[in-house]
Amino acid sequence: MLTLYSYWRSTTSYRVRVALNLKGLSYKTVPVDLVAGAQRAPDYVAKNPSKGVPALVLEDGTVLTQSLAILDYLDHIAPDPALLPDDPLLRAKVQAAAQIMALDVHPVNNLKVVMRLKSEHGLSDDDGIAWMRHWMSEGLQAYQALLPDGPTYSFTDAPLLCDICLVAQLYNAHRWGVDMTPFARLLQIEEQALKLPAFDAARPENQPDAT
């Protein structure tokens, strides 16, 4: 069985949980408490030198890290349902939207970045929240601007890689009080996705380490 090292509120872990569920892959979860600093424990660093989550341990003991790389691996070993379309143009559009969430928004709002800003540059808790809200709003605006009218999800009537990245990031947007008034289309996508068992089971509040 696959083993997922995860933190319940981790956006990146959320993405992998959704993909594992969509593809019907069995896995067990091992919590890594990021707030307590468990990601810096030597035995965990040996698995994931980046000191973050997720880490996916395969049945033969191989460890995969970085959520987008893990999602790519899962899409190859369990191609149905596909996270990326075959059409090269649509595939590029889906990847671009996913990367807005995964590469533009997430890195600057990562816990270790915000904590560094507070400790080294004197940001208050309110400043840190304002920082995160700003970059999330910027990213959500860019994402929404890419979308066509009509499909149930971002580009098609089935959830794809970009929808997984979006829904995971929207959890943070709600958590930190981002004004969602301009993002009606994105909220519609989220509403539809969370009706699916694969997304619902992956919600942070449904994880064994949720507090």
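The following legends describe close-up views of a predicted model.

In this predicted model, local features require pLDDT of at least 70 and side-chain atom pairs count only at pLDDT 80 or more, whereas totals for chains, interfaces and linings use all residues. Residues are numbered from 1 along each chain as its sequence is written, and side-chain values use heavy atoms, with hydrogens and water left out.

View 1. S6 belongs to strand β1 (residues 2-6); helices (H or I, at least four residues) and strands (E, at least two) are DSSP runs numbered from the N terminus. With a relative accessibility of 2%, S6 counts as buried (buried is under 20% relative accessible area, exposed over 50%, partly exposed in between, with a 1.4 Å probe and protein chains only). The side chains of S6 and R17 are joined by a polar contact of 3.0 Å. A polar contact is a pair of N or O atoms within 3.5 Å; within protein, one must be able to donate a hydrogen and the other to accept it, and residues adjacent in sequence count only if both atoms are side-chain atoms. Apart from neighbours within four places in sequence, S6 is in contact (heavy atoms within 4.5 Å) with S13, R17, T29, V30, P31, V32, V53 and D209.

**View 2. T29 in strand β2.** Strand β2 (residues 27-31) contains T29, which is partly exposed at a relative accessible area of 25%. When residues up to four places away in sequence are not counted, T29 touches L4, S6 and P208. The C-alpha atoms of T29 and A168 are 18 Å apart in space, and the two residues are 139 residues apart in sequence.

**View 3. T12 in helix α1.** T12 is placed in helix α1 and counts as buried, at 9% relative accessibility. Its side chain makes a polar contact of 2.9 Å with the side chain of S10. A polar atom of the T12 side chain also lies 2.8 Å from the backbone oxygen of V53. Leaving aside neighbours within four places in sequence, the contacts of T12 are V53, P54, S67 and H106.

**View 4. Packing of helices α7 and α8.** The axes of helix α7 (residues 161-175) and helix α8 (residues 184-193) come within 10 Å and cross at roughly 105°. That angle makes α7 roughly perpendicular to α8. Axes are lines fitted to C-alpha atoms, for helices over the stretch in contact, and angles run from 0 to 180 degrees between N-to-C directions; angles under 35 degrees count as roughly parallel, over 145 as roughly antiparallel, 65 to 115 as roughly perpendicular and the rest as oblique. From α7, D163, L166, V167, L170 and H174 meet L186, L187, I189, E190 and A193 of α8.

**View 5. Aromatic pairs.** The count comes to four aromatic pairs, where rings of Phe, Tyr and Trp (its six-membered ring) pair if their centres lie within 6.5 Å, and planes under 30 degrees apart count as stacked, over 60 as edge-to-face and the rest as tilted. Y14 and Y171 form an edge-to-face pair, at 6.5 Å centre to centre with 80° between the planes. Y14 lies in helix α1 (residues 11-22) and Y171 in helix α7, so this pair ties together parts that are 157 residues apart in sequence. Y14 is buried, with a relative accessible area of 3%, and Y171 counts as buried at 17%. W131 and W135 form another edge-to-face pair, at 5.9 Å centre to centre and 70° between the planes. Both tryptophans, W131 and W135, lie in helix α6 (residues 125-145), four residues apart, about one turn of the helix.
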